[in-house]
Every structure is written in C-alpha cells, then in structure tokens.
Amino acid sequence: MRKAVNIVCAALIFIAASCGGDETVTPSPNPCEGEPGDSAAGQMALFYEKVVWINQEKAEEIAEAILAGVETFEDPRAYNTHEIAEWVERNTGDGDVDCLVLFGYLPETIYLPGNGQPDGSLVEKFIDDGNFVMNTGDYIFYVSMGGAVNGVEGLQNIADAEFHLWTDGNAVQPTREAESCVSSLGLFISDRSFPAGQIALDKNWEIEAAFGTGKLGYDPVILKHVVTGGRIGIWMQVSNDSLNRAEVALDIFNNWAGNALRSTGSSEAP
C-alpha cells in the first residue's frame, strides 16, 4: 500500500547510521571538485500544475524557490499542461542540455496516460536527445491523468529499462559527493529510491552521481544514458512535506549540474 512514512528524528538517525551506505558511488571524478569550462546547460521548465505526494501549496512554494534561485539553467519558468508539451518539443534537438522538473505527476501531453505510446513519446525523445528530467514526490513517471495509470511501465518504457523503485522505508544518508555538492542534504526516508543492483545490470544506464544512499537504493541520484547522454534524476521521492526539497534541488542544480554540464576544455581560442 502506498503510504507516507513518518518517523521521529532520533529513530531516523539511528537507522541511517546503521545502513552501511557507500561513502562514494560516483564512477567518475566528482564534478563539483573539477575546473569549470563552457556550459552546455540550456533552459529549465517546472511543471507543478498537478502534483502527487506533495501538498499543492507546498509544491508551489518549492517551485518558486527553485525558479528564484537556480543559476545554471537559463530562463527558468513554470508551464501548464499544454505549454509544457510545446516547451519539450521546442527544446528537443536544440543542441544543449535542457532540464524538466516534475513533482510526481507526468503531464499527459508529453506521455499518453496508461502507456498509450510506450515508444516515441515527447518526453522519451526529449531524454534521448541528451536532456535531463528531474522528479520529486511520487515515483517518477508513475502517475498521470487518471491516477497511477502508468505504473512501473512508465519509467520502464521511457528509459527502455527494467527499473522498478519499490524501496519503502529506505533510510538514506548523504554520500561523499553530497558533502561537496549537496551540503543541504540530511538524513531522511525515501520510499522510491533507485536500487543499485538494477542499474548495475543495465548496460545503457550508469550512475552519474548519487547523493543519498541506503540499504535499498539511492535518492537523490542522477542516471545518465551511456549512448545518448540523456539524464533521469530523482530527489526525495517520498510523501513528506517537512523535507527541505528546495534547498536540496538548488544545490543539485547550481553546484552539481553547474559543473557536470561543463566541459573541462578551455574556451579560449588557440
């Protein structure tokens, strides 16, 4: 049964401290410690007209903080159900890395509810073009118009992978990457983390950065497609309005993405 997990701070600290998470799971050098180069970051769109596992007013508060504080991406804006489809189409094939931020609800205009278009949807093309989708709240791509109509197949179809995120009660603690990139991240419970074993078995996706780790998986975490360069990320996939989602998101976007989306080469002419 899908439910919110409420736990007192003292118990959370005890559980997370005993979970034995990895100190570091990023397979490449930490981008937050590298020398910045030219940015490949493009535009950012937030969709919070409909949200799941977050109170609507709280989602708006988080979104407004992200819109006001994000520095890496250009022209951050909120879009409604119809506008977001136009934005996704416009930013597919434009040569930079654009970022779409969701709050537990996948707009029906970019993926037909109930997995009506398992291949070739607007959101799948967007990711396959090397762009970035980041989700908080409920299970990424699971819920759309009509409720939980996509189920696990939503993520599986869009990512062309066998992922499923059934990780209720995963006690998460920050990784080494979080210390330099996402210092606002503390201990929390994640109900829909990415299991490490599933990612390891998939030849097309790799962990680009994991900021929170527990026995059952990673959250927050960014996955990158080894061929297309597309990214799928999650942060704080749980029903808990007390979490500092905005601070964590801004750390990820400004500190991690601000460096990860930059080349290490010099921008100066020879």
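**Burial and salt bridges**

Author: In helix α5, the residues V152, G154, L155, Q156, N157, I158 and A159 are buried. This is a predicted model, in which local features need pLDDT of at least 70 and side-chain atom pairs count only at pLDDT 80 or more, while totals for chains, interfaces and linings use all residues. Residues are numbered from 1 along each chain as its sequence is written, and side-chain values use heavy atoms, with hydrogens and water left out.

Reader: What makes α5 largely enclosed by the rest of the structure?

Author: Seven of its eight residues (152-159) are buried, so the helix is largely enclosed. Buried means under 20% relative accessible area, exposed over 50%, and partly exposed in between (1.4 Å probe, protein chains only). Helices (H or I, at least four residues) and strands (E, at least two) are DSSP runs, numbered from the N terminus.

Reader: Why is the pairing of K58 with E61 called a salt bridge?

Author: The term requires a side-chain nitrogen of Lys or Arg within 4 Å of a carboxyl oxygen of Asp or Glu. The closest N and O atoms of K58 and E61 are 3.3 Å apart, so the pair qualifies.

Reader: How do you know whether K58 is buried or partly exposed?

Author: Its relative accessibility is 22%, so K58 counts as partly exposed.

Reader: What makes R192 buried?

Author: R192 has a relative accessible area of 1%, which is under 20%, and therefore counts as buried. R192 forms a salt bridge with D168, the closest N and O atoms being 3.2 Å apart.
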